[in-house]
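Let me put the structure up, and then I'll talk through a sheet and a couple of pockets.

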Amino acid sequence: MSVTTIQKMPGDGIGSPPSTPEEWMDFLKGKLASQKGKFRRFGDYYDGRHQRMLFAQAKYESAFADVFSRWSDNFCGLVIDSVGERLAVEGFRMTDEPQADKEARRIWQRNHLDAESASGHLDAMTQGSAYVIVWADQDGEPTITVESAETTVVQFKPGSRREVEAAAKFFTDDWGREHCTLWLKDVVCKGGPSPFGYKIDETEKNPLKVVPVVPLQNRTRLLGDPMSDLAPIIPLQDAINKVTADALVASEYAAWPQRYVTGLEIQEDEHGRPVEPFRVAVDKLLQAEDPSASFGQFEAADLSNYVSLVDLLTMHLASVARVPFHYLLKGGQVPSGDSITSAEAGLIAKTRERMLHFGESWEAVMRLAFLVKKDKERADAFEAEVMWKDPENRTEAQHMDALLKLQMLNVPKQQLWLDAGYTPQQIERFQGLLEDEAKTEMEMADKYQTQAEKAALVQQHQDVPPGGGDETARKAARKPPQGNSGNAAREKAGR
């Protein structure tokens, strides 16, 4: 049973905040229900499940809706994916140490967040928000889950845009039973709907003393809800579908030359319906005995006007979405080198803006994770930062050339490795591999240099008679041969 009404609290005026867990559940359920339709609409446009063909007249819809029901010309997915594919978290710096925090990375990997974070970014850009819940498992380890805005809702404290006062997750299990988990500062409650609102089945203390739900919000204004990246795109997408529908209708009715004949008697069947006089085909010849009969054809409709209009709307869509034109438009040369860098400048700026907003949320998530582990230092690490993968796509030659120039400026090697795209885990392995290589080279040099030295000394003892030669020559003979200097020493020794 779904309860969406908000009941007035006893003794309180209209608009008074909830005061009990049951009232919070009722309130948050009503808030979620009022937003769910908007979230689903954005999700349908991303998936291409929106109204595909928009017909101007009802008769066209009745004639062609079934024909084109599976057809879609949808750019909404591209608008989101062009940014989402460039958002990848590689690690966290929780302290002043230059290296990535190993424990933060372990928590991240343990909760499968390489994949889950990508899903969260996708939903946040599509629907405006997603949510991340942090809790402890039976072993006291942080458990982090990413939730949809269609199932999870938060309420901020009055006057604040960041501090969460209450949060709830509503879901239905495989047997059709509805459940709710409510997080407040002091308690966590679980319950479900009843005929008179939500009832609490289980209550436990909240050891974190904060609501462990972090909103993963897309870019926001100072007032209003977080914005979906599809909000300004949907009207243009509908217009593209409308023009495309008109083009398809025109291709059905007027794209083929229509033939006509005049001066020919119209034959009718027994029901008075006209009988088609000819079966037109490639190998058929039209002829008539009546000398007054004449044949002709209408010009086929030119569909290029529709193509030009669709291209114009697509250009507008690319401009609004800040997607490079070569992602959408037909023909032409795909830019490369400096030109592709210029073409993608808007997209990269948009991606970095998303990194800014999402990074704040992921930092808060990781601080909560360390709060679960009772690590006070990193739980209060407000100077923490997210390490993002470079969103720019450059040729390998360009990238390496830029890094070599940075090396000339004495940029540390570890920073160059990060800029080259290597992950903190790979860089950590580099340190061990370099140490192993250096150790192996030293062992090999020591091994072979010692053997050469011994062989040289043995040879010198055989060539120099006991007590013979001057002291300088004997000292030179004891030295290992060093290129031509070894020959000179042997000449002095009397060879």
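Strands here are DSSP E runs of at least two residues, helices are H or I runs of at least four, and both are numbered from the N terminus. To call two strands paired, we ask for at least two DSSP bridges between them. As an example, Gln-155 has Ala-166 in S5 as its bridge partner.

Quick housekeeping: this is a predicted model, so local features need pLDDT of at least 70 and side-chain atom pairs count only at 80 or more, while totals for chains, interfaces and linings use all residues. Residues are numbered from 1 along each chain as its sequence is written, and side-chain values use heavy atoms, with hydrogens and water left out.

Back to the sheet. It's an open one, five strands, antiparallel pairing, in the order S4-S5-S6-S7-S8. S4 and strand S8 (197–205) are the edges with a single partner strand each, so one side of each has no neighbour in the sheet. On average, neighbouring strands are turned by 20° against each other, direction ignored. H1 packs on this sheet and touches S4, S5, strand S6 (178–183), strand S7 (187–194) and S8; contact means heavy atoms within 4.5 Å. The direction of H1 makes about 110° with that of S4, using axes fitted to C-alpha atoms, for helices over the stretch in contact, with angles from 0 to 180 degrees between N-to-C directions.

Now, how much space lies in the largest pocket? About 1200 Å³. A pocket here is an open set of points on a 1 Å grid over the protein atoms alone, with protein on both sides within 12 Å along at least five of seven lines; lining residues have an atom within 4 Å of a point. The volume is the space filled by probe spheres set on the points, which are joined across faces, edges and corners. There are 43 lining residues, and Phe-156, Arg-161, Arg-162, Glu-163 and Pro-215 are the closest to the centre. H1 and S4 turn up again among the elements giving two or more residues to that lining, but H9 gives the most, eight.

The second largest pocket has about 370 Å³. It's lined by 18 residues, with Gln-99, Ala-100, Pro-424, Ile-427 and Glu-428 closest to its centre. H13 supplies the largest share of that lining, five residues. That's me done.

Definitions and conventions: 1 Å grid on protein atoms, 1.4 Å probe; cavity = no way out; pocket = protein on both sides within 12 Å on 5 of 7 lines; lining within 4 Å.
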